[in-house]
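Please read them with the model open.

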Amino acid sequence: MALDEQISKAIERPISPINGRSDFEQQAIFDEPRFVTKPSLPPLDDFLPYLEEIWRSARLTNGGPFHRQFEQALADYLGVKYVSLFANGTLALITAMQALGISGEVITTPFSFVATAHSLNWNQLTPVFVDVNDSTYNLDPDNIEAAITAKTRAIVPVHVYGQPCDVEAIEEIARRHNLFVVYDAAHAFGVSRNGSSILNAGDLSVLSFHATKVFNTFEGGAIISNNAEMKEKIDLLKNFGFRNEVTIMGTGINAKLNEIQSAFGLLQLKHLRSNITLRKRIAKNYEQSLVGLPGVSFLLEQTDTEYNYSYFPIFLDAEDCPVSRDALYDALKANNIFARRYFYPLITEFPPYNQPSLIAEGGLPVAAKASQEVLCLPIYPELKPEEQCIILDVIYKTFKTHMG
Ligand code: T4K
């Protein structure tokens, strides 16, 4: 189909009257809010036996049986060597950096959640923000290489929205310059390339099991490591650094995942595959329905990659799109649809990171543009096809209004 035809097909698509109404200028189309995400929860009854076992054993935390089972189950599910569970992704990131035992500069991305940079600051490491690539929105290997100085010790890339970084190029740079690589893989649970987990790349990868993620334990996180010594070090660090009752091995922290959350994680794993399938259906429907809208682009799927469909970001080009990102954000909001501008503002716009000395030469033009143009649309397994249809209708209607 010619592009013109496709655009007009998208724009001219009749807007469905919802609940007998087609008056969404006056009234929000949804009575109840539809958020960017909604946590997936298993049937409550299925969780009761786990709780009964915890009550019976009175083992609540500190690496109990559910914690150990969940670590093994995750390692098997994800296809990785070692998993260390954490109370949340931020503590996992902070501990991962602590485990490296480094000081100096760390190259990272400004186009992420602020926790990525906070984990460096908590370790007195200096973040050096370099620009991202304009198709994946992940760190661009050429920019990484250009930003390396005598003080650089590590690279912390993010697989943003679950799109894998160029791990081979990053690996090669890290090897040549003798740098650690810690992936912030908070968005990349279950993502694989050529049949192998993306979490196997680099020295360490960090996951988040926050309520808003593809896989949640209410709060939670993990560090993926690939050697037994590192796994042991990380496990000691997350329990205050205790090697035994009378020995401390370093500046540890209390970051353990408790038994209730570990048991919950075991149960959640059973539902993960079907949840990802439902997410994929929603993502594909957005793609097919929005393709051809002028100035709108999506992340391109790589054929060798299995995605988790954790987010559905669209980018509204400031020059070519008749609707600005914020106009669409507002129009959706007026209809009780809470899309999110992940990641706006850039990390480098927040204190303490808003210092020119922390930004690599060449600046951050690609990240700045992405941050102004991105909008993450609602995507979660419970989003019904008819609800997605309404969201699409609001988008079409907004385009129609702005195109005159
Ligand atoms: N690295 C990266 C790249 C990350 O994206 C994150 C976290 C981290 C590291 C750190 O991992 P954690 O320490 O969080 O494990 C949310 C999340 O709080 C945060 O975990 C996530 N990234 C970030 C991208 O998004 P907010 O401020 O957008 O959350 P909030 O509360 O506005 O939630 C978004 C929507 O989700 C709400 O409008 C409604 C819905 N929601 C949220 C919660 C908490 C629910 O339906 N139920 C809920 O319980 O940060």
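1. Buried means under 20% relative accessible area, exposed over 50%, and partly exposed in between, using a 1.4 Å probe and protein chains only. On that scale C389, at 24% relative accessibility, is partly exposed, whereas C321, with a relative accessible area of 9%, is buried.

2. This is a predicted model, in which local features need pLDDT of at least 70 and side-chain atom pairs count only at pLDDT 80 or more, while totals for chains, interfaces and linings use all residues. Residues are numbered from 1 along each chain as its sequence is written, and side-chain values use heavy atoms, without hydrogens and water.

3. The structure has 0 disulfides (pairs of cysteine sulfur atoms within 2.5 Å). For C321 the nearest cysteine sulfur belongs to C376, 16 Å away.

4. The ligand is surrounded by 25 residues, taken as those with a heavy atom within 4 Å of it. The closest are T90, D184, H187, S208 and Y342. By class, the shell holds 11 nonpolar, 11 polar and 3 charged residues.

5. Helix α4 (89-100) and helix α5 (115-121) each supply at least two residues of this shell; α4 gives the most, with 3 residues.

6. Which side-chain atoms lie 2.8 Å or 2.7 Å from an oxygen atom of the ligand? An N or O atom of H187 is at 2.8 Å, and one of S208 is at 2.7 Å. A polar side-chain atom of K213 lies 2.8 Å from a ligand nitrogen. The protein covers 75% of the 920 Å² of accessible area that the ligand has on its own (Shrake-Rupley method, 1.4 Å probe).

How values were computed: A polar contact is a pair of N or O atoms within 3.5 Å; within protein, one must be able to donate a hydrogen and the other to accept it, and residues adjacent in sequence count only if both atoms are side-chain atoms. Helices (H or I, at least four residues) and strands (E, at least two) are DSSP runs, numbered from the N terminus. Ala, Val, Leu, Ile, Met, Phe, Trp, Tyr, Cys and Pro count as nonpolar, Asp, Glu, Lys and Arg as charged, and the others, Gly among them, as polar.
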